[in-house]
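Me: I should like to learn how to read the features of a model such as this one. Please take them one at a time, giving the general idea before the particular case.

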Amino acid sequence: KAPELQQAIMEHFVTSSERCMVRVIVATQGDELVGHLVVSLDTWCGKIIATIVQYEMDLAFPVQMLRDTLDQIAWWARGKGASVLRVLAIHNDQRGYARARLFRALYGFEPRRVMLDKAL
């Protein structure tokens, strides 16, 4: 419903910088959106964890640009009190596995958990 969506957007994106717990980074080529990343800060058992929950690229970016972007995300997350940067990268397709390899090779991420889903 539109009112609920509008409220969620206002709560997560139109707020004071002290309360901002979601960050979105986009890449454009001209007027075209060619990539995006969404990272959220969540508290679990008293620990703040920054989680990259969405990550898509429609074309290849320079490796240094990707590293710089991840450094900026880490800087922002540390400033908000996060002690862990996590990425949700494994999907049940080859693109997802490639994304996981990219984060491991590019920035030193290591697998920590296996998530299992069952349709209800």
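Reply: We begin with burial: a residue is buried under 20% relative accessible area, exposed over 50% and partly exposed in between, with a 1.4 Å probe and protein chains only. Arg99, with a relative accessible area of 9%, is therefore buried. The model is predicted, so local features need pLDDT of at least 70 and side-chain atom pairs count only at pLDDT 80 or more, whereas totals for chains, interfaces and linings use all residues. Residues are numbered from 1 along each chain as its sequence is written, and side-chain values use heavy atoms, without hydrogens and water.

Me: What pLDDT does the protein chain average, and which element has the lowest mean?

Reply: pLDDT is the predictor's confidence in each residue, from 0 to 100. The average for the protein chain is 82, and 85% of the residues score at least 70. Among the elements, helix α1 (residues 2-13) has the lowest mean, 64, while helix α2 (residues 63-79) has the highest, 92. Where pLDDT is low, the predicted coordinates should not be read in detail.

Me: What pattern does the protein chain follow along the sequence?

Reply: Helices (H or I, at least four residues) and strands (E, at least two) are DSSP runs, numbered from the N terminus. The protein chain holds three helices and four strands, in the pattern α-β-β-β-α-β-α. Of its 120 residues, 27% count as buried.

Me: Which residues have the most contacts inside the largest nonpolar core?

Reply: A nonpolar core is a set of buried Ala, Val, Leu, Ile, Met, Phe, Trp, Tyr and Cys residues joined through side-chain atoms within 4.5 Å. The largest one here has 21 residues, and Val39, Ile52 and Phe103 have the most contacts inside it. Two or more residues come from each of β2 (32-44), β3, α2 and α3 (94-107). Helix α2 gives the most to this core, namely five residues.

Me: What does Phe103 touch?

Reply: Contact means heavy atoms within 4.5 Å. Leaving out residues up to four places away in sequence, Phe103 touches Ile52, Tyr55, Leu70, Val87, Gly108 and Phe109. For the protein chain, among contacts between residues at least 6 apart in sequence, 47% join residues at least 24 apart.

Me: Is Thr51 buried or exposed, and where does Thr51 lie?

Reply: Thr51 has a relative accessible area of 9% and is therefore buried. Thr51 belongs to strand β3 (residues 47-57). Its C-alpha atom is separated by 5.4 Å from that of Ser40, 11 residues apart along the chain. Beyond its neighbours within four places in sequence, Thr51 is in contact with Val38, Val39, Ser40, Asp42, Arg86 and Leu88.

Me: Which residues are in contact with Asp42?

Reply: With neighbours within four places in sequence set aside, these are Lys47, Ile48, Ile49 and Thr51. Asp42 is part of strand β2, and its relative accessibility of 39% is why Asp42 counts as partly exposed. Asp42 and Val22 are 20 residues apart in sequence, and their C-alpha atoms are 9.3 Å apart.

Me: How many salt bridges are found in the whole structure?

Reply: A salt bridge is a side-chain nitrogen of Lys or Arg within 4 Å of a carboxyl oxygen of Asp or Glu. The search finds two. In one of them the side chains of Arg99 and Glu56 meet at 3.1 Å, N to O. This pair links distant parts of the chain, with Arg99 in helix α3 and Glu56 in strand β3, 43 residues apart. Arg104 is partly exposed, with a relative accessible area of 44%, and Glu110 is partly exposed with 44%.

Me: How much accessible surface does the protein chain have, and what part belongs to carbon and sulfur atoms?

Reply: Accessible areas come from the Shrake-Rupley method with a 1.4 Å probe; for residues, only the protein chains shown count as cover. The accessible surface of the protein chain is about 9,100 Å², of which 57% belongs to carbon and sulfur atoms.
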